[in-house]
2 protein chains.
Amino acid sequence: MGKLAIVGLGLIGGSMGLALKRAEPENTEVIGYDKDPEVMQRAHKAYVVQATAPSLARAVQDATMVIVASPIVTMRKVFEEMAPHLRKGAVVTDTASTKSDVLAWAKQTLPESVHFVGGHPMAGKEKMGLQEAEASLFDDRPYCVVPSVEALPGAVNAVVGLAQALGARPFFLDADEHDSYAAAVSHVPLLTSIALFNLVRASNAWPELANMSGPGFRDLTRLASGEPEMSHDIFLTNRDNVLHWLDRYIGELHKLSDLIASKEDSESLFRSLAETQMEREQFIERLPQREGPVKNIEFGSSSEAFMTFLTGTLWQERAKEITGTLAEQANERARERRMRRDLDDD
Amino acid sequence: MGKLAIVGLGLIGGSMGLALKRAEPENTEVIGYDKDPEVMQRAHKAYVVQATAPSLARAVQDATMVIVASPIVTMRKVFEEMAPHLRKGAVVTDTASTKSDVLAWAKQTLPESVHFVGGHPMAGKEKMGLQEAEASLFDDRPYCVVPSVEALPGAVNAVVGLAQALGARPFFLDADEHDSYAAAVSHVPLLTSIALFNLVRASNAWPELANMSGPGFRDLTRLASGEPEMSHDIFLTNRDNVLHWLDRYIGELHKLSDLIASKEDSESLFRSLAETQMEREQFIERLPQREGPVKNIEFGSSSEAFMTFLTGTLWQERAKEITGTLAEQANERARERRMRRDLDDD
């Protein structure tokens, strides 16, 4: 019997419970813990988890895998508190939107006898909390798997398997890559949304502007309704990357501004708009793939390995081989990407 | 029997045909014209309009109301071509996304015996063309009504009635206001979307970024898939307003950037994010209303007046009275808003 503990039963932790229940893992008990007893009670009543624990210590005790799904700012403290109670060989993962700080905290606080592998499901909603949880939240969504340097292949593979059990698409990154890329596709978009809402809201013509606005304004400012606690934590734990990409974003706006301002050359504006449209349509039709020998990482048996891991029989030679290859490929891919980025980007 | 002509049977013109069919106006014939004969044939077969006309001249001949729903850049030419064939007393309206140029072209090209009232339904899709048309496109969407200075109250009221017959919420603005406000809630949002897609697409890490991106990036870049022809026309016919609001938008981004960069004062960042969230939630719950005596313009009988107008019996004293009051209120409201804007904004 394997035990999986979810610490923090909000939107993400709760959805994980529901998604795992849907996946029906054999011989696995899913235990939930939340610092708010009322949330725990509701999670228990709604069968989000199979059982709840009266304390963090009891929740993680004997757990083969611990998923920390609490807010970023609380994470270091949660790690510290649970550290003495973790089972030797346990895999610890998290769900935070930024990874460098979290990996550093894990290294500082968790015992060497456990394996930390960061995780970040690219899924969410503006509204948070257990009442928003749903089993399908991670379906077909990217799930970043961010191993620490010390993480054993078997532990990495167990988190890959977790992502698959949740219905998500696992995706390898190192912490630096993750935080830079997340700034581009997630944190700067959040800022573009907030700034757009602030721009229009601050105008003296706000009542007219609001009444005149259509679905475009509504959709593009959706992220501005996100929880300020979460946004705040993201911006502070990913400050440099966010500022870097935000600066580049402003650069893109200036390019467009120049094209529009040029009264002689409206052809260039048109060409630029047409190219963007074409590229966006291609992106919607089919996700781009990196050319070259490492473009496909096969996760074929990871879900199985995750189950095996949870029931305590992970350390078999076969699994080691598979995951060793996986981790090697991932590392090679990460190295290559970093090199490309250092060479070409910016 | 009244005759209503729709010139241009794309997404907007086609949807108007379908919405008018749904509204079942009595004693009204809806005629369609498109420069592409194949589009006209399809519109006729799909009962988007009751009949089509072999030429622009024949389409507008005898029409009580003409709706020009062709691209902005073609509009001046369409006005010129149809001018000699318009019936005396006809109401001409359009559906373009910018209004100052269109009103100027109308003044330059249309005979004084017809009444031009600009229109702009705040509805659309990324995909355009007749095949995308639907009767519900305008349901509960704002519909800007932008009268020329010379427009008679009865003509204004007929366009208000048209908007209501389409299921939309009519909304009075003068051309300057319209173009400034549309820049804020529609054209700059388009640019934020295009710039965000360009930012990420231009990176050497594009394949990774694309695969890692979640629903936020997808939603926020949706407008980047819009037709480049339309965006191009919008930016060129609303250049000054777009550049003005874009500059202010960049200012909002700089404010956020400063808040994030400040290592001493993360409290201010949090307060700012929390305020934005609260304001956005209020906006979603209920549209703000302008305080004061002119806050509600009653359009009560406009739909009826639209029908009366189409059947050629508009010029009754009662209708004149109603619409006179309406137009006065609208003018007063517009004046007041312009004053406020000049005084406080910017």
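The structure is a predicted model, in which local features need pLDDT of at least 70, side-chain atom pairs count only at pLDDT 80 or more, and totals for chains, interfaces and linings use all residues. Residues are numbered from 1 along each chain as its sequence is written, chains are lettered from A and ligands numbered from 1 in the order in which they are written, and side-chain values use heavy atoms, with hydrogens and water left out.

- Beyond four places in sequence, B:M82 is in contact (heavy atoms within 4.5 Å) with B:L56, B:V60, B:V66, B:V68, B:V92 and B:L110.

**Cysteines**
- Zero disulfides (cysteine sulfur pairs within 2.5 Å) occur over all chains.

**Helix pair in chain A**
- Helices α4 (residues 72-82) and α5 (residues 100-109) of chain A pack at about 15 degrees, with axes 9 Å apart.
- α4(A) and α5(A) are therefore roughly parallel (angles under 35 degrees) to each other.
- Residues A:I72, A:M75, A:R76, A:F79 and A:E80 of α4(A) meet A:V102, A:W105, A:A106, A:Q108 and A:T109 of α5(A).

**Loop glycine in chain B**
- B:G129 lies in the loop between β6 (115-121) and β7 (142-147) of chain B.
- Leaving out residues up to four places away in sequence, B:G129 touches B:G10 and B:L11.
- The C-alpha atoms of B:G129 and B:S15 are 9.9 Å apart, although 114 residues separate the two along the chain.

Notes
Axes are lines fitted to C-alpha atoms, for helices over the stretch in contact, and angles run from 0 to 180 degrees between N-to-C directions. Helices (H or I, at least four residues) and strands (E, at least two) are DSSP runs, numbered from the N terminus. Angles under 35 degrees count as roughly parallel, over 145 as roughly antiparallel, 65 to 115 as roughly perpendicular and the rest as oblique.
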